[in-house]
Amino acid sequence: MHAANSDSVYNVIAGELKFNESLLPQSHSDNPNDTPPLTRIPAQLSGKLLEGKYFSGRVNVPAVLEVECMGPWCGGIKSGADYVVFAEQRGQELVVRANACGGFAFNDTPEVRRQVLDCHRGKACEPAQPR
């Protein structure tokens, strides 16, 4: 898992990410390589923060969704869906990245939560399939 091996500080939150979907980058049919490489979208993240051994701390915080594109391929994410997100702490900013190869948001399922908790408790960090 990228976050587990990173020097960055991540907050793991199970909950809902809300943002204006009309701000998501769109691939241009006439020239797909004109898609911007990075789009920053204001978002609101609410749910439960991983504290200690459980998702227990209630949070409702502003965040920034960073959608990365490689040519016509962009990170896909839906507003209002339930995710387990790894939000990177950058100063005062909480950043959730979505890229063409997955990203840092996973569908919030019992299997994903179990894998995250196992990894957090020092067991094997088997990566789940990113959203």
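Hi everyone. Of the 131 residues in this chain, 41% count as buried, where buried means under 20% relative accessible area, exposed over 50% and partly exposed in between, with a 1.4 Å probe and protein chains only. Before going further: this is a predicted model, where local features need pLDDT of at least 70, side-chain atom pairs count only at pLDDT 80 or more, and totals for chains, interfaces and linings use all residues. Residues are numbered from 1 along each chain as its sequence is written, and side-chain values use heavy atoms, with hydrogens and water left out.

Let's start with strand S1, residues 9-19. Eight of its 11 residues are buried, so S1 is largely enclosed by the rest of the structure. Which strands does S1 run antiparallel to? One is S5 (residues 82-90), joined to S1 by eight bridges, with Asn 11 opposite Ala 87. Another is S2 (residues 38-51), joined to S1 by seven bridges and also antiparallel; there Leu 17 stands opposite Leu 45. For pairing, DSSP has to find at least two bridges between the strands.

The largest nonpolar core has 20 residues, and Leu 17, Phe 19, Leu 45, Leu 65 and Ile 77 have the most contacts inside it. S1, S2, S3 (54-70), S5 and S6 (93-99) each give two or more residues to that core. There is also a second, separate core of 12 residues, including Tyr 10, Val 12, Ala 14 and Phe 104. By nonpolar core I mean a set of buried Ala, Val, Leu, Ile, Met, Phe, Trp, Tyr and Cys residues joined through side-chain atoms within 4.5 Å.

Take a look at Phe 19 on your screens. Beyond its neighbours within four places in sequence, Phe 19 is in contact (heavy atoms within 4.5 Å) with Leu 24, Ile 41, Pro 42, Ala 43, Leu 65, Ile 77, Lys 78 and Ser 79.

Last stop, the disulfide. How many does the structure hold? One, joining Cys 69 to Cys 74 with an S to S distance of 2.1 Å; the criterion is a pair of cysteine sulfur atoms within 2.5 Å. The link is right-handed, with 110° about the S-S bond. Cys 69 is buried at 8% relative accessible area, whereas Cys 74 is partly exposed at 24%.

Thanks, everyone!

Definitions and conventions: Helices (H or I, at least four residues) and strands (E, at least two) are DSSP runs, numbered from the N terminus.
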